[in-house]
Amino acid sequence: MSEEPLIFIDGVKKWFPIKTGMLSSSKSFVRAVDGVNLSVKKGETLGIVGESGCGKTTLGRVLLGLIPITEGSIKYNGVDIRDMKNRDVRKKMQIVFQDPGGSMNPRMSVRSIVGEPLIVNGMSDGAELTKIVAELLDSVGLNRKHMTRFPHEFSGGQKQRIAVARALALNPEFILLDEPTSALDVSVQAQVLNLLEEIQTEKDLTFVFITHSLNVVHHISDRVAVMYLGKIVELADTIDLFESPSHPYTHALLSAIPEISVEDNKERIVLSGDVPSPANPPSGCRFHTRCPIAKEGVCDTDEPEFRELSEGHFVSCHFPVDAGKSLPIFNE
Ligand code: SF4
């Protein structure tokens, strides 16, 4: 893995307007992504983890330029991704969706699905296309003879392999994996994760892996970014984050990982209340309404900076938990 960033995200915001009455002059927004700074290093897998509605999928979409950003900039190898005319950049960035079946036209054969990016870009057709599709199917562990079949003839895991083959068709450098295993059985999840790791090594790919599963992120990521209500609250190397989490939200997420043990006496941190609305985020630290160690007069008024606690370990909290310590309780 190189230290050089492939993708550089600077102060990115994505706000969606909320439709109100025709005569209303007030404008409200859902602040799905609200000021994210992040870089993705060449050859790494960066996991982005958080609860549903935290903005991780929107961040992925803006990262690929699929939806326009409200503010900030995203650079891919130094090129602004808003420069949509630059097709060479677009070809290097691909995506694998959560629901493999939903991302495929049921009336298209596997050959047409996997070969479509090559046809659309005028890069191949005819016998040459068949040969390339066959090689792509080989690379994801599918039988090349099945290229005449249709999506409904495959299992969920096989469909996700087809989706991976399609993402590889244009020889990308970067793939956004948006919950690619959450719709699959656990045994199939492991197979798909292993396939992704093999392909990454073989083709020197960079991944951003979006998931709500900490087990999956622990298995596959080099670094992990924890997202809460449109912001990154903690970022660190995977081992560092799992062994020495600093943000109270990360502590709560990690305490919720189920463990199979007869002596399972791990204390779980149960967060009170729901995730606040991204249309009206809390003042100060966004997590203060649920944080078990929030301090009145500080956390509810002052927004914490996203600062580096130790090399490569960033956190956005006024009272980060010391390395290796468990979450203290201040306000009881
Ligand atoms: Fe909790 Fe305060 Fe840290 Fe926010 S800044 S996570 S409320 S301790």
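Predicted model: local features only at pLDDT ≥ 70, side-chain atom pairs only at ≥ 80, totals over all residues.
Which residue of E4 does Ile9 stand opposite? Residues are numbered from 1 along each chain as its sequence is written, and side-chain values use heavy atoms, with hydrogens and water left out.

Ile9 stands opposite Ile74 in E4. Strand E1 (residues 5-18) and strand E4 (residues 71-76) are paired in the antiparallel sense over 5 bridges; two strands pair if DSSP finds at least two bridges between them. Helices (H or I, at least four residues) and strands (E, at least two) are DSSP runs, numbered from the N terminus. E1 and E4 belong to an open sheet of 4 strands with antiparallel pairing, in the order E2-E1-E4-E5. Strand E2 (28-41) and strand E5 (79-80) stand at the edges with a single partner strand each, so one side of each has no neighbour in the sheet. Helix H1 (residues 56-63) packs on the sheet and touches E1, E2 and E4, contact being defined as heavy atoms within 4.5 Å. The direction of H1 makes about 115° with that of E1; axes are lines fitted to C-alpha atoms, for helices over the stretch in contact, and angles run from 0 to 180 degrees between N-to-C directions.

E4 and E5 run antiparallel and are joined by 2 bridges, with Lys75 opposite Asp80 in E5. The hairpin of E4 and E5 has 2 residues between the strands, and Asn77 takes a positive phi near 50° there.

Helix H5 (residues 156-168) and helix H6 (residues 186-203) have axes that come within 10 Å and cross at roughly 20°. The two helices are therefore roughly parallel to each other, a term applied to angles under 35 degrees. The contact involves Gly157, Gln160, Arg161, Val164 and Leu168 of H5, together with Val188, Gln191, Val192, Leu195, Leu196, Ile199 and Lys203 of H6. By class, this contact has 7 nonpolar, 3 polar and 2 charged residues; Ala, Val, Leu, Ile, Met, Phe, Trp, Tyr, Cys and Pro count as nonpolar, Asp, Glu, Lys and Arg as charged, and the others, Gly among them, as polar.

The residues around the ligand include His247, Cys285, His288, Cys291, Cys299, Cys317 and His318, the criterion being a heavy atom within 4 Å. The shell divides into 9 nonpolar, 3 polar and no charged residues.

Note on methods:
Parallel < 35°, antiparallel > 145°, perpendicular 65-115°, else oblique.
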